[in-house]
Amino acid sequence: MATSEQFRFGVEGGGEVSALLLRPATARWLLVLAHGAGAGMSHPFMENVAAELAAAGVATLRYQFPYMEQRRRVPDKPAVLTATVVAAVREAAKMAPGLPLLAGGKSMGGRMTSHAAAEHPLDGALDGALDGVRGLVFLGFPLHPPGRPGTKRADHLAKVTVPMLFLQGTRDTLADLTLLRPICAKLGSRATLHVIETADHSFHVLKSSGRNDAEVLRELAETVVSWADGIEEIQAKPAQNA
């Protein structure tokens with residue numbers, strides 16, 4: 001069984017926002033999970049993926065960005081969005097001090113998490129060695145706007161110092177895989193790309209794939225767990241060899 005706890009926390013320049021901690025009894029990780037640009041933390045995708053993660057042993061802390069909390073359509077300025085990410089990670093560390101942290105999100109939420117990590121690599125805000133965040137998880141990294149292929153949105157990823165997991169669909173119009181694959185290759189061992197065949201940006205798959213959306217969500221959760229366990233083993237080696 002998973003327990004859920006609703007609460008609020010403050011964001012510098014953004015007021016207070018709502019959050020929800022879903023923690024299964026078997027939790028081994030806590031993923032700080034941000035929503036996409038057009039839907040908040042209670043969107044069915046967010047709820048369903050959180051439930052699948054809980055079943056796989058990953059707790060989640062979902063939260064609202066200020067504009068969504070205030071029911072505005074236009075997202076906040078990047079500085080407010082990244083400040084929200086930093087505040088959410090700090091809350092997660094307080095609420096579950098015994099769990100190693102991951103951070104990321106759906107589409108824009110994941111991209112803003114990576115910006116926060118790139119902007120604060122050494123001050124403890126999102127550094128694995130200082131604040132417990134071991135890696136970043138992107139549920140559909142929005143590499144470019146639909147129909148406008150480009151790579152500028154990925155320039156900051158070179159400054160991210162922790163491992164990154166890219167979960168992407170082959171029909172995602174916001175991430176041309178012919179552009180994303182070379183980016184991940186350039187990032188080297190820090191980047192892992194997991195591709196879902198026929199999935200779009202919302203991870204809906206074609207009927208011809210022989211799979212349904214529930215099975216895809218389960219694959220996403222299981223991939224997060226296997227990847228997280230793998231980076232934990234790698235990061236533990238220096239301590240064991242010391």
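Two strands are taken to pair if DSSP finds at least two bridges between them. Helices (H or I, at least four residues) and strands (E, at least two) are DSSP runs, numbered from the N terminus. The structure is a predicted model, in which local features need pLDDT of at least 70 and side-chain atom pairs count only at pLDDT 80 or more, while totals for chains, interfaces and linings use all residues. Residues are numbered from 1 along each chain as its sequence is written, and side-chain values use heavy atoms, without hydrogens and water.

Confidence is given as pLDDT (the predictor's confidence in each residue, from 0 to 100). The protein averages 92, and 92% of the residues score at least 70. Over residues 238-242 pLDDT stays under 50, and the model has 0 contacts there beyond four places in sequence. Contact means heavy atoms within 4.5 Å.

An open sheet of 8 strands runs in the order β1-β2-β4-β3-β5-β6-β7-β8, with mixed pairing. β1 (2-11) and β8 stand at the edges with a single partner strand each, so one side of each lacks a neighbour in the sheet. From one strand to the next, the twist averages 20°. Strand β2 (residues 15-24) pairs with strand β4 (residues 58-63) in the antiparallel sense over 4 bridges. L21 stands opposite L61 in β4. Helix α1 (residues 44-55) packs on the sheet, touching β1, β2, β3 (29-34), β4, β5 (101-106) and β6 (133-139). The direction of α1 makes about 155° with that of β4. Such angles run from 0 to 180 degrees between N-to-C directions, and axes are lines fitted to C-alpha atoms, for helices over the stretch in contact.

Strands β7 (residues 164-169) and β8 (residues 191-196) pair in the parallel sense over 6 bridges. Q168 stands opposite V195 in β8. With helix α6 (residues 177-187), β7 and β8 make a right-handed β-α-β unit. Right-handed means that, with the strands pointing away from the viewer, the path from the first strand over the helix to the second runs clockwise.

Helices α3 (residues 78-95) and α4 (residues 108-119) pack at about 80°, with their axes 9 Å apart.
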